[in-house]
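Let's take a walk through this structure, starting with the whole chain and ending at a single residue. Have a look at it first.

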Amino acid sequence: MRIGLLTSGGDCPGLNAVIRSAVLHGIKSYGDEFVGFKSGWKGMIEADYIDLTRQDVRGIAREGGTILGTSRTHPYNHPQGGPVKIAQQLKRHDVDAVIAIGGEGTLAGARRLAEDGIPVVGVPKTIDNDLKATDYTFGFDTAISIATDAMDRLRTTGESHHRCMVSEVMGRHVGWIALHSGMAAGAHAILIPEQKVSIDQLCEWVEQVHSRGRSPLVVVAEGFIPENADEALAGKGQEADGRPRLGGIGDFITTLIEERTGIETRNTTLGHIQRGGNPTGYDRVLATRFGIKALDLVHERAWGHMASLRGTEIVKVDLQEALDGLKEVPAERYEEAKILFGR
Ligand code: F6P
């Protein structure tokens, strides 16, 4: 078969490992040929692609980002998009199947295309770990590792200056990155979108820690909803796919903590640092296994399905199942972390 690969949505450590394993498995096990569409769905729609040979994927599993480039182009919103034109384009370039590697937005596009007759399978990626039907996505472990390291560094300054340090992390509308990196760094308070915490409660935790001579570390997810607000702070416009660009909550709570407690407080927004650089060993393995599975799904003609992690097994799931709402942090996981907050 001649198979097209694309990476779409935000970049994520592990994308290259998927590309490598799918290509190597296809060439070695099935005699397949590969093309890589540049910049996500855009490259597929505009037939902007490169051939992907064994040499092209050599050594890329350890590299962050994506060798194909990415974008947030939607396959139905582009002027040459939609199933009819896409089918014609794939036929013209002899592409028999597409492997779309991406998060929620990309996989929703893949599902719709599969329903409309395009031979496409998915691979879930996101540092946010918010996709249902898979226990973990690659990129998450790397993000946790980077954020934890950053917080360890923030604590050095916090302890030296007797300050409260706030760290705003990504994660969109779920708190997985905040919960895991906060626990790993020994945070004294973690704020996530799934749980309402009052500013009074937060200040109490901060004061308790400060009064026993420690420097409080507060980790806040970008999607945390402040007291008396209905939505997360999103004063930075919209992404290309129309979703609100989150951010700003770290500065917001920093001001409130300082005003109410009198404790000198600083915010650091970790931002895209969390998505950058090389994937961890865990993410390379997960991404490699996803790539192998995706290739098998193509040969099964399991259009509209994706590779997924269940326990330690890599399995096939319907994209519909993965897109049925967000995978939120369960209340028990938050309560468990909360045992160690404050005093
Ligand atoms: O979905 C991954 C993610 O990094 C989110 O955590 C974050 O809100 C968003 O993407 C940022 O997107 P962009 O790179 O377009 O600013």
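Of the 343 residues in the protein chain, 55% are buried, meaning under 20% relative accessible area with a 1.4 Å probe and protein chains only (exposed is over 50%, partly exposed in between). Keep in mind that this is a predicted model, where local features need pLDDT of at least 70 and side-chain atom pairs count only at pLDDT 80 or more, while totals for chains, interfaces and linings use all residues. Residues are numbered from 1 along each chain as its sequence is written, and side-chain values use heavy atoms, leaving out hydrogens and water.

How does the overall shape look? The C-alpha trace spans about 70 × 35 × 30 Å along its principal axes. The chain folds into eleven helices and eleven strands, which are DSSP runs numbered from the N terminus (helices: H or I, at least four residues; strands: E, at least two). As for contacts, or heavy atoms within 4.5 Å, 73% of those with a separation of 6 or more join residues 24 or more positions apart.

Now zoom in on Arg155, which sits in helix 5 (residues 140-161).
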